[in-house]
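Here are my notes for someone opening this entry for the first time. Please read them with the structure on screen.

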Amino acid sequence: MEYTFPVTRTTSPKAKPDEHALGFGKYYTDHMFMMEYDEGQGWHDGRIVPYGPLSLDPASTTLHYAQMSFEGMKAYRNPEGRINLFRPDMNAARLNRSNRRLCIPEMDEDLFISAVKAVVRADEDWVPSVPGTSLYIRPFIISPEVSMAVHPASRYLFLIILSPVAAYYEGNENELHGSRIWVEEEYIRAAVGGTGFAKCGGNYSCGMIAATEAKKQGCEEVLWLDAKEHRYVEEVGTSNAFFMIGDTVVTSSLTGSILPGVTRDSTLQLLRKWGYKVEERRLELAEVLEAAKDGTLKEAWATGTACVISPIGLLRYKGENYPINDEKVGEVSQHLYDVLYGMQTGKREDEMGNWVVTL
Ligand code: COI
């Protein structure tokens, strides 16, 4: 079922940014989607309004206890000039899984998808077409409820904002490069039983300290290890991690502390379809480092909506560097990027049949 929403158009449209200098999250479009939830009434009054600041009471619970959830998705301009979304049903389902964990009311998945489509249509002239760019879509839920008590709120706000973006890792929109990754030994991202599998702000704020250290060490991102033993590799920064050891591609199984990424799932499905040996299992850091040393670690890459496929060129652990594939972009990473981004932008056929949704 497709829902429709009233649209109030802005009277002062912004100048569009230069598509060759978008960066990531620097610019926002003219409109946003907004909808309220009230206990007893459910989600109501979905509408598209001019993009602008929110008025929130300083005692709003989200500001203090971080009861919030969010999603990340993208819209792409296809060669016919129309707009493609990529597997929006996956984001709708994941938002509800995050909501269940954060005690936020679930949302009809058709309502979520209709809202995304409606706001993207309202700002469709903002979807960039320069290679490597897209319109990043950020749906999120916060609570404006005024309270200092720690309990689930009874009022929420659902918003969708849109940002034309280039690659998450600067330069990757022109040509992929291998990122240098800092293996984090002290801090953790998530523990089993916590919120690691959910998309919520707290998972990201707690990682900033390690990312800051990584930058000091000349690395772009962090490789997270498991919380209990600091022994198994989990994720890379804000994305999932893949390692090709010999002829087998390995990624961490969904233990509860791993984010079930849409690009992770798409990568697994494509590799299996193409006949690669793929394993989802717990992967010891020792096995990865050993393979890097003896040359059997052929490639590694990160997957995410924001970063698409981002090759990993080197791991730095305990002051030692472990280059992968001479820090060059591997064939599998490049092929995955070309196929995925090609499908998303409609430049290649959707080889899975129903992943691309054209507006
Ligand atoms: C995404 O890949 O969409 C994410 O949510 C990562 C983001 C924090 C930049």
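1. Domains. The domain assignment divides the chain into domain 1, residues 31–165, and domain 2, residues 179–351. Please keep in mind that this is a predicted model. Taken over C-alpha atoms, the centres of domain 1 and domain 2 are 26 Å apart. Domain 1 brings 26 residues to the contact, and domain 2 brings 27 residues.

2. Buried area. Domain 1 and domain 2 bury about 2,100 Å² between them. Carbon and sulfur atoms give 60% of that area. Three residues of domain 1 stand out here: Phe-86, Arg-94 and Arg-101. Together they supply 28% of the area that domain 1 buries against domain 2, more than any other three residues.

3. Polar links across the interface. How many salt bridges are counted between domain 1 and domain 2? The count is one salt bridge. Polar contacts were also counted across this interface, with both residues at pLDDT 80 or more. The rule finds 13 residue pairs.

4. The domain 1 face. Which elements build the side of domain 1 that touches domain 2? β3 (69–70), β4 (73–77), β5 (83–86) and α2 (88–101) each supply at least two residues. The largest share comes from α2, with six residues. By class, this side of domain 1 has 11 nonpolar, eight polar and seven charged residues.

5. Polar atoms at the ligand. Lys-199 places a polar side-chain atom 2.7 Å from an oxygen atom of the ligand. Thr-305 and Ala-306 use their backbones instead. For Thr-305, a backbone N or O atom lies 3.3 Å from a ligand oxygen atom. For Ala-306, a backbone N or O atom lies 2.8 Å from an oxygen atom of the ligand.

6. Salt bridges overall. The structure holds 21 salt bridges. One of the listed pairs joins the side chains of Lys-117 and Glu-2, at 3.6 Å from N to O. Where do these partners sit in the chain? Lys-117 is in helix α3 (residues 109–122), while Glu-2 is in the segment before β1 (31–38). The pair links distant parts of the chain, 115 residues apart. Another salt bridge joins the side chains of Asp-265 and Arg-87, at 2.8 Å from N to O.

Technical notes
Residues numbered from 1 in each chain as written. Predicted model: local features only at pLDDT ≥ 70, side-chain atom pairs only at ≥ 80, totals over all residues. Heavy atoms only, no water. Domains from an automatic or database assignment. Contact = heavy atoms within 4.5 Å. Buried area = accessible area lost by both parts, 1.4 Å probe. Salt bridge = Lys/Arg side-chain N within 4 Å of Asp/Glu carboxyl O. Polar contact = N/O pair within 3.5 Å; in protein donor to acceptor, adjacent residues only side chain to side chain. Helix = DSSP H or I, 4+ residues; strand = E, 2+ residues; numbered from the N terminus. Nonpolar A, V, L, I, M, F, W, Y, C, P; charged D, E, K, R; others polar.
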